[in-house]
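Dear colleague,

Please find below the structure that I am handing over to you, together with its sequence. My findings follow it.

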Amino acid sequence: MEKVEEDLKNYELTAVYENIENAFEFRYIPTLNGYELVKYTGNARVVEIPALYKDLPVKIINGSSFNGNKSICNVILPDTITKIGGGAFSGCTSLVSIKIPNSVTDIGDWTFNGCTSLADITLSNSLTKIGSQAFDDCTSLKSVAIPNSVTTIGSYAFENCTSLTSITIPNSVTSIDGGAFRDCISLKSVVIPNSVMYIISCAFENCKNLKTIYVESEKIVNSTYVEHCLFDYADDIYIPADIEITNSYFDVVCEKKENVIINNKEYYHFKRR
């Protein structure tokens, strides 16, 4: 008994348990006084992850827990979960819908990579970052409402989401990383809120139908490099009239049209020559 207690003190992850009936494998995490879901080995179409195991909360979904499972269509997550590891649902090609509870603060890289059937997802209102390639190749995803807690959209987060026509970027996001929306060929319009300080190169590369852009951020408007990925295909660019424009790009590439009022706010309207 003393040896077991000593092990629990020295190792963060110890003691693997298996729930054969439900095909769940759990691992106790002493620092959280709860369990991590290590692996699901079943083939059910709808899977409900238990909130408790051995009377303690299930707090983490391991990065390999559902990886490559071709059977699951829907996963029900308990509100005890705080973290979903990178790649947890990667390659789950039958996964159609999932709701991330507000208890989750962290979604790792590649979490839903290659979930080609994923059409409906509700994100946690506690997320601060969408990891790199989190939704890469989710080719059935048509719209995403990013919660007003996210500050960073990771690199290639929504790359090749070829059905994505609508994306809501909240006024909490400060950085859109490289390739974040690359090859989103159905994306037609986007609003860049005034909170955005950085759009890394190629964030909107090959978004061929991105024709209308509203740029609320003065720093992005006057960036010397962002036009190479953000404005490549835009026919209409709207910039708040209270922003001083110092970027010569808009004079060289665009023709300034009459100002317009949208939602009681005045915008400069630039149209590609």
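Which residue's side chain meets that of Lys265 in a salt bridge? The partner is Glu216, with 2.8 Å from N to O. Before I go further, please note that this is a predicted model.

**Salt bridges**

The bridge between Lys265 and Glu216 links distant parts of the chain, 49 residues apart. Lys265 belongs to strand S22 (residues 265–272), whereas Glu216 sits in the loop between strand S19 (212–215) and H2. Lys265 is partly exposed, at a relative accessible area of 32%. Glu216 has a relative accessible area of 15% and is therefore buried, as the limit for that class is under 20%.

Strand S22 also carries Lys271, which forms a salt bridge with Asp236; here the closest N and O atoms are 3.0 Å apart. Because Asp236 lies in strand S20 (residues 236–240), this pair ties together parts that are 35 residues apart in sequence. Lys271 is partly exposed, with a relative accessible area of 32%, while Asp236 counts as buried at 13% relative accessibility.

Salt bridges that share partners join Glu159, Arg182 and Glu205 into one network. Glu159 is buried, with a relative accessible area of 10%; Arg182 is partly exposed, at 24%. The count for the structure comes to 5 salt bridges.

**Aromatic pairs**

The structure holds 20 aromatic pairs. One of them joins Phe26 and Tyr53, whose rings are stacked at 4.3 Å centre to centre, with 25° between the planes. Phe26 is in strand S2 (residues 24–29) and Tyr53 in strand S5 (residues 52–53), so that this pair links distant parts of the chain, 27 residues apart. Both Phe26 and Tyr53 are buried.

A further stacked pair is formed by Phe135 and Phe158, at 5.2 Å centre to centre and 5° between the planes. Phe135 lies in the loop between strand S12 (129–130) and strand S13 (143–145), and Phe158 in the loop between strand S14 (152–153) and strand S15 (166–168); the pair therefore ties together parts that are 23 residues apart in sequence. Both Phe135 and Phe158 are buried.

**The nonpolar core**

Which residues have the most contacts inside the largest nonpolar core? They are Phe89, Phe135, Phe158 and Phe181, in a core of 77 residues. Phe135 and Phe158 are thus also the partners of the stacked pair described above. Leaving aside neighbours within four places in sequence, Phe89 is in contact with Ile61, Phe66, Ile72, Val75, Ile84, Leu95, Ile98, Thr111, Phe112, Asn113 and Cys115.

**Two buried loop residues**

Ile81 is found in the loop between strand S7 (74–76) and strand S8 (83–84). Its relative accessible area is 0%, and Ile81 is therefore buried. Beyond its neighbours within four places in sequence, Ile81 is in contact with Val58, Lys59, Ile60, Ile61, Ser103 and Val104. Between Ile81 and Phe66 there are 15 Å in space, C-alpha to C-alpha, and the two are 15 residues apart in sequence.

Asn69 is placed in the loop between strand S6 (56–61) and S7. With a relative accessible area of 12%, Asn69 is buried. Its contacts, again leaving aside neighbours within four places in sequence, are Tyr40, Gly42, Gly91, Cys92 and Thr93.

**A nonpolar surface patch**

On the surface, Met197, Tyr198, Ile200 and Tyr225 form a nonpolar patch, with about 360 Å² of accessible area together. Of these residues, Tyr225 lies in the loop between helix H2 (218–221) and helix H3 (227–230). Tyr225 is partly exposed, at a relative accessible area of 38%.

With kind regards

Notes
Residues numbered from 1 in each chain as written. Predicted model: local features only at pLDDT ≥ 70, side-chain atom pairs only at ≥ 80, totals over all residues. Heavy atoms only, no water. Patch = residues over 30% accessible without salt bridge, like charges linked within 9 Å, V, L, I, M, F, W, Y side chains within 5 Å. Areas by Shrake-Rupley, 256 points an atom, 1.4 Å probe, with all protein chains shown as cover. Salt bridge = Lys/Arg side-chain N within 4 Å of Asp/Glu carboxyl O. Helix = DSSP H or I, 4+ residues; strand = E, 2+ residues; numbered from the N terminus. Buried < 20%, exposed > 50% of the residue type's maximum accessible area, 1.4 Å probe, protein only. Phe/Tyr/Trp six-rings, centres within 6.5 Å; stacked < 30°, edge-to-face > 60°. Core = buried A, V, L, I, M, F, W, Y, C linked by side-chain atoms within 4.5 Å. Contact = heavy atoms within 4.5 Å.
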